[in-house]
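Please view the sequence and the model together while reading.

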Amino acid sequence: MSNDLFTVPEDWRKNAWCDDARYQKMYEESVNDPDAFWTREAQRIDWFEPFSKVKNSSFNGDVDIKWFLDGKLNVAYNCLDRHLENRGDQTAIIFEGNEPGVEEKITYRQLYERVCRFSNVLKSCGVKKGDRVSIYLPMIPQLAVAMLACARIGAIHSIVFAGFSPDALANRITDAECTILITADEGLRGPKAIGLKEAADEAMDKAGMVKKCIVVKHTGADVPMKAGRDVWWHDLTAKESTECPPEHMDSEDPLFILYTSGSTGTPKGVLHTTGGYIVYTSLTHQYVFDYHDGDIYWCTADIGWVTGHSYIIYGPLANGAVTIMFEGIPNYPDFSRFWQICDKHQVNIFYTAPTVVRALMQQGDEPVKATSRKSVRLLGTVGEPINPEAWLWYYRVVGEERCPIVDTWWQTETGGIMITPLPGATDLKPGSATRPFFGIQPALIDKEGNQLDGPGEGYLVMLDSWPALARTVYGDHRRFKSTYFIQCPGTYFSGDGARRDEDGYYWITGRIDDVINVSGHRLGTAEIESSLVAHPAVSEAAVVGFPHDIKGQAIYAYVTLSSGFEPSEELRKELSLFVRKDIGPIATPEVLQFTDSLPKTRSGKIMRRILRKVACNELDNLGDTSTLADPAVVEALIKNRIDAC
Ligand code: WTA
């Protein structure tokens with residue numbers, strides 16, 4: 001926590017879309033008269049047919065959420081076609097490749113043509129409105145083209161982060177019943193090439209249902225192509241026309257599915273729909289980043305995560321922005337890369353994750369100071385709490401005390417930014433996401449389910465719906481209801497804890513469930529545990545998070561072995577690798593402790609609280625251990641604990 005207050009600079013107050021008085025006025029209208037507010041704000045989008053009602057939503061009963069009812073529109077049309085007249089020759093996407101020197105500027109007209117062409121490809125592959133298309137691509141322009149082409153013809157994309165394993169991809173293909181997969185020969189991450197087609201082949205063997213695999217030739221690596229199933233992107237697109245009429249979609253037709261981890265079970269396919277999502281991502285992109293025409297905007301996320309969906313592609317392109325897509329990593333060829341890119345493309349708005357800020361901070365100020373960064377006027381963060389030390393470094397060293405920082409809190413399920421400063425309106429406190437965006441009504445709930453008034457700490461919930469809220473979990477509405485709407489009936493339960501201070505500012509304290517946030521990526525402990533127990537040597541596993549200087553949190557796994565297996569350094573490595581291969585590198589346990597048994601209650605429930613304390617080295621504060629079946633287990637755990645904090 002920090003008590004510092006950074007007031008809004010005068011030029012920001014004057015020139016931004018929104019100063020504090022305007023924020024207050026708009027916020028009040030948005031919650032007191034949502035019909036008037038959203039009817040007006042929805043005009044930022046072009047509708048083929050107007051909506052008849054702003055919203056019809058209930059967090060009770062069957063949880064039915066609808067926005068902009070009966071409206072007809074197309075997201076790709078809003079991101080492309082409508083810009084052609086006035087900004088056809090303006091850059092839409094700046095692609096910055098993994099290798100410095102590799103770049104491409106794509107205008108709105110070129111992007112429109114590529115998207116139409118690829119829409120025709122999808123159609124000729126038999127893809128129809130409502131069909132699901134799986135996309136497993138690196139951060140290259142074809143990824144943007146593929147998403148927008150799906151949106152154009154009304155297909156539902158399901159993008160799988162290219163760092164996920166073949167198994168993870170296979171599970172997502174199966175769950176969403178995708179018969180088309182779009183991938184590339186290889187992806188590039190710094191000095192490494194990642195065999196995406198190879199991984200996709202393995203996934204397709206497992207998932208079975210994929211009939212067509214469209215492959216982008218990116219690095220030119222020699223990859224096997226299965227006759228009848230695998231086809232090259234460039235062969236298919238060459239023959240197609242650059243015109244393709246956009247499908248007229250209903251506001252509530254699905255736009256995409258994106259998988260995210262929860263506290264239990266396999267990742268959930270969070271489903272977002274059309275009208276509300278595009279209105280909300282466009283509105284937040286304009287106000288949170290104070291986007292003005294001509295600004296160069298860069299969000300460093302991967303499009304495999306929701307941040308990339310909403311704030312590299314949909315929000316910015318709906319606003320006719322210039323958005324950067326970067327294929328590489330922050331430390332290749334060296335730790336100045338991000339700032340070099342800022343200078344090269346004259347970036348004005350820069351949005352990244354706290355884990356990146358911490359990793360760069362650890363390298364000292366020199367790699368930053370070696371660059372100018374004079375073009376940058378606004379900084380942003382997302383994905384996890386930012387510690388004040390990292391905030392202050394970002395503010396002082398990167399932004400040279402001239403750039404406000406917008407610390408944006410939101411989730412895959414919320415579709416867009418929920419709690420955030422507005423740079424011309426909000427005085428900043430390092431570490432606080434500050435105040436709710438228009439239309440957002442956060443509340444804090446205590447353990448008994450009572451809503452807190454004034455300052456306090458509790459579970460963060462939302463009292464009413466907003467346009468970009470997810471509508472369901474694909475194929476499992478019951479799971480949607482039970483994950484988000486039963487803990488505190490009548491509200492959306494975020495799974496995060498938060499504190500509200502005397503100024504009404506929110507401070508997110510982190511997940512209150514069994515979700516670990518590793519470098520801003522959500523992982524369910526249950527997922528990692530089930531991966532570990534799939535190994536023949538493992539009898540039981542329990543996974544918890546512990547604080548990590550750079551990653552925010554890291555994974556601590558406790559493992560009991562099956563009979564016939566002995567703990568060894570080799571087995572430890574093997575198990576780590578096993579999880580890495582099963583889920584992906586981000587799920588690799590940082591620490592793996594062998595133990596003869598796990599602490600359990602007499603009814604056999606694992607006491608995670610104790611495991612968490614041991615992992616975090618909070619040994620003098622283990623809490624109540626009287627319900628343990630065998631108290632001796634804890635002593636053994638402590639004796640063998642591995643220090644990684
Ligand atoms: C965490 C990412 C603190 C939070 C957009 C949330 C944050 C989870 C912040 C969602 C922030 C995200 N401050 N915590 N500014 N932003 N989180 O679904 O725990 O990948 O529940 O969406 O990240 O992660 P997700």
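## Domains and basis of the model

Domain bounds here come from an automatic or database domain assignment. On that basis the protein is divided into domain 1 (10-499) and domain 2 (519-640).

The model is predicted, so local features need pLDDT of at least 70 and side-chain atom pairs count only at pLDDT 80 or more, while totals for chains, interfaces and linings use all residues. Residues are numbered from 1 along each chain as its sequence is written, and side-chain values use heavy atoms, with hydrogens and water left out.

## The interface between the domains

The centres of domain 1 and domain 2, taken over C-alpha atoms, are separated by 33 Å. Contact (heavy atoms within 4.5 Å) links 24 residues of domain 1 with 18 residues of domain 2.

The size of an interface is often given as the accessible area lost when the parts come together. Buried area is accordingly the accessible area (1.4 Å probe) that two parts lose on being put together, summed over both. For domain 1 and domain 2 this amounts to about 1500 Å², with 47% of it on carbon and sulfur atoms. Of the area that domain 1 buries against domain 2, S261, W305 and R358 supply 27%, more than any other three residues.

## Salt bridges

A salt bridge requires a side-chain nitrogen of Lys or Arg within 4 Å of a carboxyl oxygen of Asp or Glu. Two salt bridges are found by this rule across the interface of domain 1 and domain 2. The side chains of E202 and K581 also meet in a salt bridge, at 3.5 Å from N to O.

## Annotated positions

The unreviewed UniProt entry places the feature "binding site" at R189, G190, P191, K192, T307, N331, S519 and R580. These positions are spread over 392 residues of sequence and also in space, up to 25.0 Å between C-alpha atoms. UniProt positions follow the numbering used here, feature names are shortened, and annotations may be inferred rather than shown by experiment.

Helices (H or I, at least four residues) and strands (E, at least two) are DSSP runs, numbered from the N terminus. P191 lies in the loop between strand 9 (187-189) and strand 10 (192-194), and N331 in the loop between strand 17 (322-326) and helix 13 (337-345).

Relative accessible area (1.4 Å probe, protein chains only) is called buried under 20%, exposed over 50% and partly exposed in between. P191 is exposed, at 69%, and N331 is partly exposed, at 36%.

## Helix 11

In helix 11 (residues 275-288), 14 of its 14 residues are buried. D290, which follows helix 11, has a positive phi near 45 degrees.
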